[in-house]
Amino acid sequence: MARLGSWIEPFPEGIYVRPADAWIDPSQRKERALVTHGHADHARGGHSRVWATPETLAIMGVRYGDQNGVPMAYGESVRIGEVDVTFVPAGHVLGSAQIVLDHAGERIVVSGDYKRREDPTCAPFEPVPCDIFITEATFGLPVFRHPDTGSEIDRLLHRLHSDPSRSVLVGVYALGKAQRVITELRRRGHEQPIYYHGAVERLCRLYEELGVSLGEMRHCAGVPKQEMAGHIVIAPPSALNDRWSRRLPDPVTAMASGWMRIRQRARQSNIELPLVISDHADWDELTCTIRELQPREVWITHGREEALKHWCMLHQIKARELNLVGYEDEDD
Ligand SMILES: [Zn+2]
Ligand SMILES: [Zn+2]
């Protein structure tokens with residue numbers, strides 16, 4: 001009998017599904033691409049044909065222009081070559097999907113990026129039992145245990161209210177984290193207008209068009225400094241220490257990222273208020289998911305593979321590292 005999963009092959013530029021002649025999240029242009037979600041390290045422009053959820057196709061459209069896309073609703077299956085392909089929710093960002101591949105009596109699930117905690121901006125992760133689970137490991141070390149999101153949001157609000165003469169500038173990635181932080185603030189009863197840097201505007205608009213309401217949002221451009229005192233301002237991380245931030249009234253610099261768990265990292269980037277809010281599974285979510293799915297093998301990409309591989313071996317699950325390149329943390 002052939003080795004389990006012998007019909008898919010990891011290459012540095014992505015995972016090749018031979019009987020479908022298709023690539024998953026390829027970092028180079030391909031004829032057929034199956035795309036898990038819209039972050040730039042997974043979704044590139046220029047493929048001849050793209051299978052993805054309608055939301056991911058819309059995000060790719062905003063970033064790269066029109067795609068020759070085949071929209072895949074969650075739970076819907078399509079046969080590509082000799083493989084049945086199904087997209088199911090990954091809980092990472094709006095439209096994010098795990099890709100389920102069925103071929104020759106074997107089921108392989110490619111998680112893309114995922115998380116297990118609740119996120120008001122996207123559908124929750126759906127566990128799909130499988131023979132091979134291909135998992136990310138962005139935060140694949142036991143030190144990464146993300147705190148409760150609500151308590152991080154409360155810290156942000158507390159800081160905001162403690163000095164109404166200052167604004168709080170929150171660094172966030174434009175796709176996913178920005179909209180999640182805004183929605184979580186609304187859930188905690190924060191109804192004030194939230195100001196934003198132009199770089200997050202298009203994706204906030206798109207989220208709203210796709211049904212995620214963000215409340216009252218105001219562009220920073222041309223707003224008198226004092227008007228933003230006592231308000232939250234959302235901007236990409238690159239703007240935090242940039243001269244752009246001088247337009248804000250004495251801003252408290254915050255950053256929402258799983259990496260904020262590492263104090264040194266926060267200090268290096270002059271972050272006064274580190275908020276540990278991540279769109280990736282932390283160590284417990286990674287290991288609980290593997291326990292729950294009980295796959296025969298785990299293939300690990302994208303991050304700190306070594307510790308998770310060791311954990312799998314301790315739990316009698318065969319594991320291997322895939323050395324894909326070009327997966328950066330646009331989206332931590
Ligand atoms: Zn991602
Ligand atoms: Zn990623």
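What follows is a chat about the strands, helices and single residues of one predicted model.

Me: What should I know before I start reading this?
Reply: This is a predicted model, in which local features need pLDDT of at least 70 and side-chain atom pairs count only at pLDDT 80 or more, while totals for chains, interfaces and linings use all residues. Residues are numbered from 1 along each chain as its sequence is written, chains are lettered from A and ligands numbered from 1 in the order in which they are written, and side-chain values use heavy atoms, with hydrogens and water left out.

Me: OK, in what order do the six strands of the open sheet come?

Reply: The order is β1-β2-β3-β4-β5-β6, and the pairing in this open sheet is mixed. Helices (H or I, at least four residues) and strands (E, at least two) are DSSP runs, numbered from the N terminus, and two strands pair if DSSP finds at least two bridges between them.

Me: And which are the edge strands?
Reply: They are β1 (8–11) and β6 (69–71), each of which pairs on one side only. From one strand to the next, the twist averages 25°.

Me: What holds paired strands together, in general?
Reply: Strands of a sheet pair through backbone hydrogen bonds, either parallel or antiparallel.

Me: How about β3 and β4, parallel or antiparallel?
Reply: Strand β3 (residues 22–24) and strand β4 (residues 32–34) pair in the parallel sense over two bridges, and the bridge partner of Trp23 is Ala33 in β4.

Me: Which strands does helix α1 lie across?
Reply: Helix α1 (residues 54–64) lies across β5 (49–52) and β6, and runs at about 130° to β5. For such angles, axes are lines fitted to C-alpha atoms, for helices over the stretch in contact, and angles run from 0 to 180 degrees between N-to-C directions.

Me: Switching to helices, at what angle do α2 and α3 cross?
Reply: The axes of helix α2 (residues 149–162) and helix α3 (residues 177–187) come within 10 Å and cross at roughly 80°. That makes α2 roughly perpendicular to α3, since angles under 35 degrees count as roughly parallel, over 145 as roughly antiparallel, 65 to 115 as roughly perpendicular and the rest as oblique.

Me: Which residues meet there?
Reply: Thr149, Ile153, Leu156 and Leu157 in α2 meet Arg180, Val181, Glu184 and Leu185 in α3, where contact means heavy atoms within 4.5 Å. By class, this contact has five nonpolar, one polar and two charged residues; Ala, Val, Leu, Ile, Met, Phe, Trp, Tyr, Cys and Pro count as nonpolar, Asp, Glu, Lys and Arg as charged, and the others, Gly among them, as polar.

Me: Which residues of α7 are buried?
Reply: In helix α7 (residues 305–314), Glu305, Leu308, Trp311 and Cys312 are buried. They cover an arc of only 130° around the axis, which puts them on the same side of α7; the arc is that of the directions from the helix axis to the C-beta atoms. Buried means under 20% relative accessible area, exposed over 50%, and partly exposed in between (1.4 Å probe, protein chains only).

Me: What do those buried residues pack against, and which exposed residues sit on the face turned away?
Reply: The buried residues of α7 pack against β11 (132–137), α6 (283–293), β18 (297–303) and β19 (318–321), whereas the face turned away from the buried side carries the exposed residues Glu306 and Leu314. Just after α7, Gln316 takes a positive phi of about 60°.

Me: Is His103 buried or exposed?
Reply: His103, which has its place in strand β9 (residues 97–103), counts as buried because its relative accessibility is 15%. Leaving aside neighbours within four places in sequence, His103 is in contact with Trp7, Pro19, Glu82 and Val83.

Me: Last one, which way do the residues of β15 point?
Reply: Ile232 and Ile234 point one way from β15, Val233 and Ala235 point the other way, and all are buried. In a regular strand the side chains alternate between the two faces of the sheet. Strand β12 (residues 168–171) pairs with β15 in the parallel sense over four bridges, and the bridge partner of Leu169 is Val233 in β15.
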